[in-house]
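Please view the sequence and the model alongside the text.

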Amino acid sequence: MPSAKLTFMFNPHRAAATSRMKIVRIEAHHLANIPIQPPPFRKKPDVEHALVVEIETSDGHIGYSMGGYTHPVIVDFINRHAAPLLTGEDARNIERLTARFHRHSVIRFMGRAYLSALALVDIALWDLRGKALGVPVHQLLGGARDKVPVYITHGAAYGGETAYTPEELAAEARHLAELGNVFLKNTVGRQAVPDPDDDYIRMRAMREAVGPDVKLAMDGNARMTVGQAIRLCKLTEELNISFLEEPIIDNEPGQLRELRAHTAIPIAAAENHKYSARDLLVNDAVDILQPNVTNDGGYTAGLRIGMLAQAFNRPLGHGNGSGPHNIALQAGLANGGLVEYHFHKWMAYNAVFAHVPQPENGYLAVPQEPGLGLNPKPGLIEEYKVRERVSVLATQPGAI
Ligand SMILES: [Mg+2]
């Protein structure tokens, strides 16, 4: 017979009644015009924007997350739906809270906006859980490693600028390599009509600039037909390309599988999904699965996707601007892998957070402090938050 004392200690009703981690505030902030260090070759952009979420609990902890997409639907989703729905709940019950978010979100059929909002709430809750327990999040997720490999993506033109020329790409790649970066990625297929021959010239210029010892990868941003992607792979195989990310329109799984049959270049996908991780795995569509925690439901979803990939003997990688927030997943799971630092977004993280792991000899040291180790600089949210905005969700709070 258990003693009366033990019965008392493990009474779940009693535990709930004495909760010390009641959510008292959930707030999403759209930050705009944050000054960043511009890319080496061009001096634009020199500002970035971001969406930072705070979840505060009754014991004084604050969990943070950040996403690159600041669409008003996502901001409203969190402020007008998640906040009234989850305030007052125990922040430790992440499964219960994310299931509640899902069950009450008819708007989940909006797909990506819903998943991004869910992701940012989930990430902040994991940050809180780590802080409350005194454990870094990568250990809560499994604790597979204390450093993760990183690659730098550069050469993307924004704001109506013309695309980088091969010479500009080469100059920037050489500069980044000279700074000690050993793995670079560039975008392909971004011409008005994707042009594999033009992309080959651009990638060859990069290879010639950095020499044989720097790894190179390509990101198609889901814009090419199978024929265009096969031609690009045939042309670039001689350049020793480490992987090709999201080459096919909409990441259509059958067409990705067809491409894989025609090339030795590893194919990666899952950053931008119309199809689920399950679709990509059961269709044998990828060599590397790339869940992105800030778009796809946070660490709760990332953990499940990662374990599903493990069942299919597929490694994880990461492709998206939110590299620092993906470190914990890639460091947590045994099949975790590469993290992307997209130049502009990397600089935005450096501008927003007090401490961000920086690449060193191709690796990032995983933060060892409780939570995620990603806390905004004091006063930054107040300085850059957009105060005037029009709600795009005209429904009752919590009733979306
Ligand atoms: Mg990508």
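## Terms and basis

On a 1 Å grid over the protein atoms alone, a pocket is an open set of points with protein on both sides within 12 Å along at least five of seven lines, whereas a cavity is a set of points where a 1.4 Å probe fits but cannot get out; lining residues have an atom within 4 Å of a point. Grid points are joined across faces, edges and corners, and a volume is the space filled by probe spheres set on the points.

The model is predicted: local features need pLDDT of at least 70, side-chain atom pairs count only at pLDDT 80 or more, and totals for chains, interfaces and linings use all residues. Residues are numbered from 1 along each chain as its sequence is written, and side-chain values use heavy atoms, with hydrogens and water left out.

## The largest pocket

The largest pocket holds about 440 Å³ of space. Its lining consists of 26 residues, and those closest to the centre are Tyr69, Tyr158, Glu271, Gly321 and His342. By class, this lining has 13 polar, 7 nonpolar and 6 charged residues (Ala, Val, Leu, Ile, Met, Phe, Trp, Tyr, Cys and Pro count as nonpolar, Asp, Glu, Lys and Arg as charged, and the others, Gly among them, as polar).

At least two lining residues come from each of strand S2 (47-57), strand S3 (62-67), strand S5 (183-187), strand S10 (339-342) and helix H14 (343-352). Helices (H or I, at least four residues) and strands (E, at least two) are DSSP runs, numbered from the N terminus. H14 gives the most to the lining of the largest pocket, with 3 residues.

In the contact (heavy atoms within 4.5 Å), domain 1 takes part with 34 residues and domain 2 with 35 residues.

Between them the domains bury about 3,000 Å², 65% of it on carbon and sulfur atoms; buried area is the accessible area (1.4 Å probe) that two parts lose on being put together, summed over both. Of the area that domain 1 buries against domain 2, Arg42, Met66 and Trp126 supply 25%, more than any other three residues. The interface also contains 3 salt bridges (a side-chain nitrogen of Lys or Arg within 4 Å of a carboxyl oxygen of Asp or Glu).

Because both domains give residues to its lining, the largest pocket lies between them.

## The second largest pocket

The second largest pocket likewise lies between domain 1 and domain 2, because both give residues to its lining. About 370 Å³ of space lies in this pocket. It is lined by 18 residues, with Leu115, His273, Ser276, Ala277 and Asp296 nearest its centre.

Helix H5 (112-133), helix H11 (277-282) and helix H12 (298-311) give two or more residues to this lining, and H5 has the largest share, 4 residues. The lining divides into 9 nonpolar, 4 polar and 5 charged residues.

## Enclosed cavities

The count comes to 4 cavities of 30 Å³ or more. The largest cavity has a volume of about 90 Å³, and of its 13 lining residues Pro324, Ile327, Ala328, Pro367 and Leu372 are the closest to the centre.

Helix H6 (137-140) and helix H13 (323-332) each supply at least two residues of this lining, and H13 gives the most, with 4 residues. The lining of the largest cavity has 10 nonpolar, 3 polar and no charged residues.

Terms used. Domain bounds come from an automatic or database domain assignment.
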